[in-house]
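Hello,

Here is the structure I promised to pass on to you. Please open it beside this email and follow along as you read.

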Amino acid sequence: MATMSDYIGLKPAWCPGCGNFGILRALNKALVELGVEPHQVLFVSGIGQAGKLPHYTRGNIFNSLHGRPVPPAIGAKIANSELIVIAISGDGDGYGEGGNHFLHAARRNHDITYLVHNNQVYGLTKGQASPTSDVGFVTKTTPEGAVSPVYPIALAIACGASFVGRSFAGDLAHLTNLIKKGITHRGFSLIDILQPCVSFNHKNTFQWYGERVYKLDDESGYDPSDKKQRWTRRSNGEIGFPSVSSMRRTCRSMRTICPR
Amino acid sequence: MPDDFNFMIGGAAGQGVQTVGFLLSKVFARGGYHIFADQDYESRVRGGHNFFRVRVSKDKVGAIAEGVDVLIALDSDSVELHRAEMAERSMAIIDEGKAKAVGSEDGSLFSMPLEKLAQDKAGSKLMTNTVALGAALASVRYDLNILNTVLVDWLGKGDIADKNIAAARAGYEHFQSGHKGNFREIKPLAETRRMVLNGNEALAVGAIAAGCKFMSAYPMTPASSIMEYMAAKSKEYDLVMVHAEDEIAAINMAVGAAYAGVRAMTATSGSGLCLMVEGMGLAGITETPIVIVDGQRPGPAVGLPTRTEQGDLLFVLHAHHGDFPRAVLVLATIEGAFWAAVKAFNLADKYQLPVFILTDQHLASSYSTVDGIDLSRVTIERGALFSENDGDPSGYMRHRVTESGISPRAFPGLSKALVVTDCDEHDEKGHLTEDARERTAQVEKRLRKTVPLRKEMGMPQRYGPQEAETTLIGWGSTYGAIREAVDMLGKDGVAVNMLHLDEVWPFPAGPVADTINKTRNSYVIESNATGQLARLIKAETGRDVTGRILKFDGRPLTPAYITRAIKKEVR
């Protein structure tokens, strides 16, 4: 049985206090709790601070191009359906450069889990606005403030993603649980993870999130499988309030082939 | 019959030009003849002017001829546009109503009620093209039963086949009774079962025979039919074809599938290949074997979407930034497309790099008779693979530095070995690194693979009298045309020979330099505007060719075109 020590990888090169540490811990914990051995999992990441995550855990790793973790993840999953395939992106990687892949992976419902570390800013290139930056967010590339952001939850639902969830890097238990649900879900699962960037985003801080995050799961009467209810929830993103939801729908079966 | 006989079917898109051309090809192949057929079509779904040429010959032919012996004109434009190409003693068959637009008949024009016969005898105007096909066969007094057999094989027994047979018979009989005079005759030879394949079909069949299990692509002329073929065969051969959202996704999916252990390919053209450039380097640095098919068409940008060119040679050699090894095969013949596919997958696996197959619209959509393919000659070489017998899987390093540069591959999930790779520069284990020594070691290791790879590359093909003082140098789909030009020039007393390349990278510098040194005049024959092969020869051998015969109007090179051009150069 794998333990947390089986998932110790290289020493992270992230900034001290980075939200990525919480995500890394939750991911490792989810795999251990699901009884997954490192050789059974494939991490496919893009470029950015999130893209480095696979090197800091253990497993099979395909660290791919900027914006492109989803297509190789799909290719690998089709090639070997036994693999647990986890694609890892940031908001720039996943919703900017790789936006088209995201739409179509959701639509086609490939059986991969997609973690998007959403800190609403570019970290690796040092502080430019991202597709999810709040309106008016001033950076070196948006001196007059960022324009309307992408709403990944609404977008994923609109594209027919069969599992859409959002969690917070500062809530280990909730995030671990959601990642476990995403991995066990048969079909495409998006897990958008709200994450502070301690170096470049001085607006959406741990404290800022701490005051606003609430758990949709705790709301009485919310049924994530109810299309109408979950669709009205798309406004959550628009008013800048993070929401946490998870929803299921039967996934289409993909034909798979085994390596020769 | 003469040495060869040329049919042309002309009409608007949507009139069934392609169907008649395809059936004519099958019918003569079934009668023991060789055929070569090409298609000329516009980028539109309905209207315009398309034509399909079928060359019928007792001997194997690899190019199209320029003259037309029988023109099946499904519209009046076809006669107007192709009158000049009609040879002596040729004939055009045209619909009665439409002939008026052409003007009065001379002996070469036979008008008959194609559309009316289709309606009366087969119950549908949609059968007009089949009526014309029947008439065309009657014009050379060919055996109609062969067409009936082909129709049943193609459509299956039933109402649709019956109606087509009735339509063909109506056309055949009307021609027989209405045409006065004695036109030419083509008698069926002994029955030989030869396949009729186009370049893309032969390529796809080769990929399947090579064990390709995954294809991802985005439709683009002239590569789309490879996707369609693979998709159609996916259940039968247990493979997956993903119609991706774009070419970027297509190549990245293929890389992911190959990393996970299956043979994977993609296919595209022009601008689609431009979008794939990023993924080529991903395959290069992660040492992932993939096969990339580029169906060349005239560029830049959208260019001439449905036409042909050899304009991507230097592009595929240099696409992407940085240095990494690659192999480039180019398709010379339809039969060769099968074997090139098999070789491409073997090279990709053995040397863990992207392998390009360059074809073009002309070869992709041209049909030829293909003699049986000996499947027992297909070998599958997967290259160096890691097994748990080789050592403790916990010590496995995907990018281990070896003398040959080849690191044994393991596949994720199939053993306890963790397969780690990165599009960042990485260390032997596959983890990203910025260390100067590791970087140098990995770049050198990757490039070292070129040494054994070079030894696998096939030599250029030679044809014609070796003592000739003039050499025609070509590459790719011009093979058949140049070869035939060598014969035509020889008959006219101009001795030339040919050097033809179908495996261009790593470049066969030795044999090419040797040929240029020995011959008095050397001419590259290319379908592009700048002589890309001549530039490559200069770069790799330091030799200049005497001249460049270039054509870049989007139409294929013909033996006659080459012959005329060489006669002007060599007196």
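First, some housekeeping. This is a predicted model, in which local features need pLDDT of at least 70 and side-chain atom pairs count only at pLDDT 80 or more, while totals for chains, interfaces and linings use all residues. Residues are numbered from 1 along each chain as its sequence is written, and chains are lettered from A and ligands numbered from 1 in the order in which they are written.

**The sheet**

Seven strands make an open, parallel sheet, ordered E5(A)-E6(A)-E4(A)-E3(A)-E1(A)-E2(A)-E15(B). Helices (H or I, at least four residues) and strands (E, at least two) are DSSP runs, numbered from the N terminus, and two strands pair if DSSP finds at least two bridges between them. As background, strands of a sheet pair through backbone hydrogen bonds, either parallel or antiparallel.

Strand E5 (163–168) of chain A and strand E15 (420–422) of chain B stand at the edges with a single partner strand each, so one side of each has no neighbour in the sheet. From one strand to the next, the twist averages 15°; axes are lines fitted to C-alpha atoms (for helices over the stretch in contact), with angles from 0 to 180 degrees between N-to-C directions.

Within chain A, E4 (residues 113–118) and E6 (residues 189–194) pair in parallel over six bridges, and A:Tyr114 has A:Leu190 in E6(A) as its bridge partner. Helix H6 (residues 172–184) of chain A lies across E3, E4, E5 and E6 of chain A, at about 160° to E5(A).

**Where the chains meet**

E2(A) and E15(B) run parallel and are joined by three bridges, with A:Asn63 opposite B:Asp422. The contact between the chains takes 34 residues from chain A and 38 residues from chain B, where two residues are in contact if their C-beta atoms, placed from the backbone, lie within 7 Å.

Which element gives the largest share of chain A's side? That is H2(A), with eight residues. By class, this side has 17 nonpolar, twelve polar and five charged residues. Here Ala, Val, Leu, Ile, Met, Phe, Trp, Tyr, Cys and Pro count as nonpolar, Asp, Glu, Lys and Arg as charged, and the others, Gly among them, as polar.

**Domains of chain B**

Chain B is divided into domain 1 (4–193), domain 2 (197–377), domain 3 (388–454) and domain 4 (461–569), with bounds from an automatic or database domain assignment.

Enjoy exploring!
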